[in-house]
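User: I've got a model open and would like to talk through how it packs. Can we take it one question at a time?

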Amino acid sequence: MGRGKLKRSFRNGEKKQPMDITFFVLVMCLLTIGLIMLFSASYAYAFYMTGNSFYYIGRQLAFAALGVAAMLVISRIDYHILRKFVYPIYAISVLLLVVVLFMPAINGAKRWIVLPGVGQFQPSEVAKFAIIVIFSHYIALNYQKMRTLKKGLLPFVLLLIPVVGLMVLEPHLSGTILILLLAGCLLIIGGANLAWFGVAAAAAGGALAFLVMFTDVIEYAMGRLTTWLDPFSDPQGLGWQTVQSLLSIGSGGFFGLGLGQSRQKYLYVPEPQNDFIFAIVCEELGYIGALLIIGLFAALVWRGIVISSRAKDRFGAMLCVGLVLQVGIQAVLNIMVVTNTIPNTGISLPFFSYGGTSLIMLLAQMGVVLSISRSAVLKQ
């Protein structure tokens, strides 16, 4: 909004919004509960692996402090500045995805860039943000032509191919699925012709056929699929993590065993501070606690959509809805993996799972949502 228009809006009885406190409180609630549960889930494993029970929580607290500082600073910066850096952000994300392919494999996948003396950096976190920003930019730019092939599908497919292709090569199936779901949601909300999704499905089928014939990615995925269908067929091998997760969830019952009282975190659930932390949440806090946390995630997404509906331009609206949908979709996928509803894809739980890259990026992105909320102008 130009300065003249803003002045006229004030004369008509409108006022500029402060930071959305409801959204901020929801973020801080999830972060606080996530840190508490991370310590509870990780201290036994941390002591076994490092001799220091506070290893993971100490580092995560530092990441959280940096992330909250970044969130507050970014919330005061006009989010429109992102449109000036759309292409550099996208180019950097693709470059990082290329670089990671030359890194040593960890647990059979090349998903992390190792920074000596600093730690590991996951480029897929930047890629998620890049796709949301550049899709929001193009939708805002061409929103009146989103039902055409030239403007409503082709540019987005061309932007997705390098990112998705590189992530498949890692392989990073969970990140690939998340980005494709995000892209689809943004296109639907942006007004794309739904008929093009049939074309996209056909293209995805062709890509799948290519993977089957010419790569070993499907072999990797089929191992996950077989374990998903019957994890108890190999409870000491590939099914171990899923079996222990289900036992953890089941033993929590309705009210849970109590905070800190999990038994499965004592070297039964592998790396309980990471992707399967929700299983420990269910064991300690029970069905009631798990439902409360799911409710907080749902409230965060709902409030983000409310902020999106109040944004003063299409770019802000699409950017806001994309950022909160990333949190919502990722949380849903993680919970579905932990409960064995879908195959294990190795996806983290936002605000809960250990990881500096993901937490700092996540909080910085929440800062962008808060920046959008500041720009909203509501009637008195």
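User: At roughly what angle do the axes of helix α2 and helix α12 cross?

Analyst: Keep in mind that this is a predicted model. Helix α2 covers residues 21–50 and helix α12 covers residues 277–310, and their axes come within 10 Å. The crossing angle is roughly 160 degrees.

User: Are α2 and α12 roughly parallel or roughly antiparallel to each other?

Analyst: The handedness of their crossing is left-handed. For direction, the cut-off is an angle over 145 degrees, and these axes cross at roughly 160 degrees. That's why α2 and α12 count as roughly antiparallel.

User: What should the 20 residues of helix α14 span, and how far apart are its end C-alpha atoms?

Analyst: Helix α14 runs over residues 356–375, and at 1.5 Å a residue it should span 28 Å. That agrees with the model, where the end C-alpha atoms are 29 Å apart.

User: How many residues of α14 are buried?

Analyst: For background, buried residues make up 50% of the 380 residues in the protein. Helix α14 is largely enclosed by the rest of the structure, because its buried residues number 19 of the 20.

User: Beyond its neighbours within four places in sequence, which residues is Leu 319 in contact with?

Analyst: Sequence neighbours within four places are set aside here. What remains is Tyr 79, Leu 82, Ile 132, Val 133, Ser 136, Val 368 and Ile 372.

Key. Residues are numbered from 1 along each chain as its sequence is written. This is a predicted model: local features need pLDDT of at least 70, side-chain atom pairs count only at pLDDT 80 or more; totals for chains, interfaces and linings use all residues. Side-chain values use heavy atoms; hydrogens and water are left out. Contact means heavy atoms within 4.5 Å. Helices (H or I, at least four residues) and strands (E, at least two) are DSSP runs, numbered from the N terminus. The expected span of a helix is 1.5 Å times one less than its number of residues. Buried means under 20% relative accessible area, exposed over 50%, partly exposed in between (1.4 Å probe, protein chains only). Axes are lines fitted to C-alpha atoms, for helices over the stretch in contact, and angles run from 0 to 180 degrees between N-to-C directions. Angles under 35 degrees count as roughly parallel, over 145 as roughly antiparallel, 65 to 115 as roughly perpendicular and the rest as oblique. A crossing is left-handed if the near helix is turned anticlockwise from the far one by less than a right angle, and right-handed if clockwise.
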